[in-house]
Protein chains: 2
Amino acid sequence: MPEIPLPEKTLTVAGLSESDLLARIFPRLELDSRHSAATLLGPGDDAAIIAAPDGRTVISIDTQVQDQDFRLQWPSGYRSTGFDVGWKAAAQNLSDINAMGATATSMVVSLTLPPDTPVSWVEDLADGLTAGIRGLGAKDCSVAGGDLGRGREISVSVAVLGTLSGGTPVLRSGARPGDVLALAGTVGRAAAGLALLESDSADDSLSPEQRKLVALQCRPWPPLAAGPLARAGGATAMLDISDGLLRDGTRLARSSSITLDLDPQTLKRLAEGLEPASDLLNTDPLGWVLAGGEDHGLLATFPPGIQLPPGFTAIGSVQATGDSESPGITIAGHAADTGGWDHFAD
Amino acid sequence: MPEIPLPEKTLTVAGLSESDLLARIFPRLELDSRHSAATLLGPGDDAAIIAAPDGRTVISIDTQVQDQDFRLQWPSGYRSTGFDVGWKAAAQNLSDINAMGATATSMVVSLTLPPDTPVSWVEDLADGLTAGIRGLGAKDCSVAGGDLGRGREISVSVAVLGTLSGGTPVLRSGARPGDVLALAGTVGRAAAGLALLESDSADDSLSPEQRKLVALQCRPWPPLAAGPLARAGGATAMLDISDGLLRDGTRLARSSSITLDLDPQTLKRLAEGLEPASDLLNTDPLGWVLAGGEDHGLLATFPPGIQLPPGFTAIGSVQATGDSESPGITIAGHAADTGGWDHFAD
């Protein structure tokens, strides 16, 4: 019997030392050739050093865990790539900086990997991080360091730093009655994509429009220019919509002790483009608009009469909260259920 | 039959919403009553804002994973408490800042928790973080924010920020032939404690001296004053010994392109105090001194003739690397095996 060549054995992280694995990751982070100007000291020492030109650093941290925040294998048949996970980790973190009206200067990344993780998956993740940072336009940001460890499930923690460039941060607490409520970016797209991934509609039967919604779940596209523009344009309050318009809007409302009133006609317009998913799944797309997270759009309030910065659309108004009411959200004056994503509640 | 009251059901994180769990954690981080002066904006918004008075931020990230970096249940019978894990997360991260010659200004914490994690364990973790920060003397540091998520195993990612207060960071790359090699803090203690935890010696049979070694594994005590003192005192190179004297020493040697020569008499002295563990386990304690990590002592080099800063002891010298040699470690001129901890190598 002729000898049949075996397929080349997949190289896993168990087959490499920590330094060998790092040596494969670092070049993909473009650290060799071009640090961002903000990175005064990059990887290779006990800590990195990042410029903070106005004497302040904006900082946030976020973790993505396998089978919680992404699945390697979805019911639809789609497999999340390392590239997807890297891009999404970049996008989520960059959005937190954006939501303060700041621009990102640096990321540090802590990876937890099961020993049987293919090295190629980790290389894809590094590529996705870099592509997310570059593709989303965070041109002053680069990965300045990190940490590798072993675990039973893949986990990606990213801490991101940013600068306000001397400006005043836009907090959640500054909305005032009479302000205009505005949105930059999209809502509901990533949730529609999630519903497609979790449906039994075979991934390879999806239309290009449906596939685009899946792509926005796996590789979200936060409007990074909008945050600093909102700050410069006089926004009174702002936050990242990561857990849904109603849920995050309620957070802003409570922080500011006001009521946000959404315009129902605008909500309907925001649902346009979701039909490729809602028709297939026989669902009301308005649910995704109101409760779907992960598009990482920005919800912001602006003083009345001010011209909204590029990228923002008015979607409602800020009202004083009635004496017998709690700060929250109404739709054309009627109370709205909160909904949205909670990590622990059943 | 009289009714026997059931023990009160243990409250787990699955029984609380994210905001309810945060409401239990925040007070334990002492965020309500006393922010550090460096925290310009604490938890509750999309990101925190930390002062960076000299226009630079030192940043590092580190993750502890259940059954990798700690075990809830050890072979000896000891159970790692949330307090232990919180303290160790604080200590490891503070040590990375210390090793640059900087002082910590802030931490952000990302917790991944299985749904059946007792809420009391998470509260203990918050207490341990706070106690570690305070107990180790990081008086300018506080927890400025974080993130909660769900997973199959407990994972604690901490990003820590620090300031160099206008000074020059001490890198790994600055050691020069003729420099004195010095150590602050201990080596081998945490490794001896680990060996006791992993032995079948019942935890409750340990002597107070043995128990102290276990405590240093679970709640390490990095010498936080020593880093900034070394910077001010002219250290030419420095790093945190987290993976062992030989392994981390080799990193410094390679970064600086020199050879570190250790004094064998000093190594023997460093092994003093390990007998309570080495006698019980019938081991040579020098192995722990050379290859044991997690005490988080500092290895630093100083120009010859300079007075070592308080806390540092000379343990060897910096030599030029011979033409036919690679930068690394020798003991009285003889090559030493590297050893120490690698996250992936078998």
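How far apart do the C-alpha centres of domain 1 of chain A and domain 2 of chain A lie? They lie 26 Å apart. Before going further, note that this is a predicted model, in which local features need pLDDT of at least 70, side-chain atom pairs count only at pLDDT 80 or more, and totals for chains, interfaces and linings use all residues. Residues are numbered from 1 along each chain as its sequence is written, while chains are lettered from A and ligands numbered from 1 in the order in which they are written.

Let's start with those two domains. In chain A, domain 1 covers 13-163 and domain 2 covers 180-335; these bounds come from an automatic or database domain assignment. Where the two meet, 23 residues of domain 1 of chain A are in contact with 29 residues of domain 2 of chain A. Here, contact means that the C-beta atoms of two residues, placed from the backbone, lie within 7 Å. On the domain 1 side, helix H2 (residues 82-98) of chain A gives the largest share, nine residues. That side of domain 1 of chain A splits into 11 nonpolar, nine polar and three charged residues. For these classes, Ala, Val, Leu, Ile, Met, Phe, Trp, Tyr, Cys and Pro count as nonpolar, Asp, Glu, Lys and Arg as charged, and the others, Gly among them, as polar. Helices (H or I, at least four residues) and strands (E, at least two) are DSSP runs, numbered from the N terminus.

Now bring in chain B.

Strands of a sheet pair through backbone hydrogen bonds, either parallel or antiparallel. Two strands count as paired if DSSP finds at least two bridges between them. One open sheet of six strands runs in the order S5(A)-S4(A)-S6(A)-S3(A)-S2(B)-S1(B), with mixed pairing. Its edge strands are S5 (142-150) of chain A and S1 (39-41) of chain B, each pairing on one side only. Within chain A, strand S4 (residues 103-113) runs parallel to S5(A), and eight bridges join them. Met107(A) stands opposite Val143(A) in S5(A).

The chains also pair through strand S2 (residues 48-51) of chain A and strand S3 (residues 56-65) of chain B, antiparallel over four bridges. Across this pairing, Ile49(A) stands opposite Val58(B), and Ile50(A) has Thr57(B) as its bridge partner. Both faces of S2(A) are covered: Ala48(A) and Ile50(A) on one side, and Ile49(A) and Ala51(A) on the other, are all buried. A residue is buried if 20 or more other C-beta atoms lie within 10 Å of its own, exposed if 12 or fewer, and partly exposed in between, with C-beta atoms placed from the backbone. S2(A) also takes part in a hairpin with S1(A), with six residues between them. Gly44(A), in the turn, has a positive phi of about 115 degrees.

Finally, look at another sheet in chain A. This open sheet of seven strands has the order S8-S10-S7-S11-S9-S12-S13, with mixed pairing. Strands S8 (237-241) and S13 (334-335) of chain A stand at the edges with a single partner strand each, so one side of each is left without a neighbour in the sheet. Inside the sheet, strand S7 (residues 180-184) of chain A pairs with strand S10 (residues 297-302) of chain A in the antiparallel sense over five bridges.
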